[in-house]
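Reader: I am new to this structure. Please show me how to read its features, one at a time.

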Amino acid sequence: MTATLFTLTFAVAAPFWVLMILLPRWSWTARIIGSPLIVLPAVVIYGLLVVPAVGEVLPAVAAPTLEGVRDLLGTSDGAAAAWAHMIAFDLFVGRWAWLDSRERGVPALVMAPVLVLTILLGPLGLAAYLAVRTRWQDPRATGPQHLG
């Protein structure tokens with residue numbers, strides 16, 4: 001079952017990435033991506049993997065050590081759970097960046113590589129978007145804007 005859940009994890013997230021990257025201007029993309037529930041399938045998979053092993057997981061995360069985390073992630077169940085965790089959070093961050101970029105008017109061609117980077121190397125994609133977004137003013141900001 002672990003191998004199936006591992007494979008299923010990216011499959012449940014991929015359609016949302018396709019919408020944000022390849023169909024950013026389609027009217028249904030904004031409707032679908034607008035819901036934070038798009039991460040729910042990956043979260044459910046994570047729960048299916050972690051809840052049965054909570055007795056092993058809690059000690060490793062409550063008082064983490066390099067050896068304890070290594071041992072936890074060094075199992076098939078641990079690796080699959082970590083993968084579901086990464087997929088869920090990367091999708092949530094990608095969703096936030098996509099929504100924020102739409103409000104700021106960041107071009108879709110700028111966002112596509114940022115979103116791909118977020119899929120592949122989550123925190124580096126987030127860093128790239130935080131750098132990119134500084135070039136476009138937040139329309140919600142009030143008062144004088146100082147760039148610099």
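Reader: Where does Ser101 lie?

Author: Ser101 lies in helix α6. Keep in mind that this is a predicted model: local features need pLDDT of at least 70, side-chain atom pairs count only at pLDDT 80 or more, and totals for chains, interfaces and linings use all residues. Residues are numbered from 1 along each chain as its sequence is written, and side-chain values use heavy atoms, with hydrogens and water left out.

Reader: Is Ser101 buried or exposed?

Author: Look at relative accessible area, computed with a 1.4 Å probe on protein chains only: under 20% is buried, over 50% is exposed, and in between is partly exposed. Ser101 has 1%, so Ser101 is buried.

Reader: Which backbone oxygen lies 2.7 Å from a polar atom of the Ser101 side chain?

Author: That of Trp98.

Reader: And which residues does Ser101 touch?

Author: Contact means heavy atoms within 4.5 Å. Leaving out residues up to four places away in sequence, Ser101 touches Val106, Met111 and Tyr129.

Reader: Where is Val106?

Author: Val106 sits in the loop between α6 and α7 (108–120). Its relative accessible area is 8%, so Val106 is buried. Beyond residues up to four places away in sequence, Val106 touches Ser101, Met111, Tyr129, Val132 and Trp136.

Reader: How far apart are Val106 and Thr134?

Author: Count along the chain, then across space. Val106 and Thr134 are 28 residues apart in sequence and 10 Å apart in space, C-alpha to C-alpha. Now take another pair. Trp26 and Gly125 are 99 residues apart along the chain, and their C-alpha atoms are separated by 23 Å. Trp26 is in the loop between α1 and α2 (27–33). With a relative accessible area of 43%, Trp26 is partly exposed.

Reader: At what angle do α6 and α8 pack?

Author: Helix α6 (residues 76–104) and helix α8 (residues 122–132) pack at about 15 degrees, with axes 10 Å apart. Therefore α6 is roughly parallel to α8. The labels are roughly parallel under 35 degrees, roughly antiparallel over 145, roughly perpendicular from 65 to 115, and oblique for the rest.

Reader: Which residues make the contact?

Author: On α6, they are Asp90, Val93, Trp96, Ala97, Asp100, Ser101 and Arg104; on α8, Gly122, Leu126, Tyr129 and Leu130. Sort them by class: Ala, Val, Leu, Ile, Met, Phe, Trp, Tyr, Cys and Pro are nonpolar, Asp, Glu, Lys and Arg are charged, and the others, Gly among them, are polar. This contact has six nonpolar, two polar and three charged residues.

Reader: How do α1 and α3 pack?

Author: Helix α1 (residues 2–22) meets helix α3 (residues 40–50) at about 165 degrees, with axes 9 Å apart. So α1 is roughly antiparallel to α3. Thr2, Leu5, Leu8, Thr9 and Val12 of α1 meet Pro41, Ala42, Ile45, Leu48 and Leu49 of α3. By class, that gives eight nonpolar, two polar and no charged residues.

Reader: How many helices and strands are in the chain?

Author: Eight helices and zero strands. Of the 148 residues, 33% count as buried.

Key:
Axes fitted to C-alpha atoms, helices over the stretch in contact; angles between N-to-C directions. Helix = DSSP H or I, 4+ residues; strand = E, 2+ residues; numbered from the N terminus. Polar contact = N/O pair within 3.5 Å; in protein donor to acceptor, adjacent residues only side chain to side chain.
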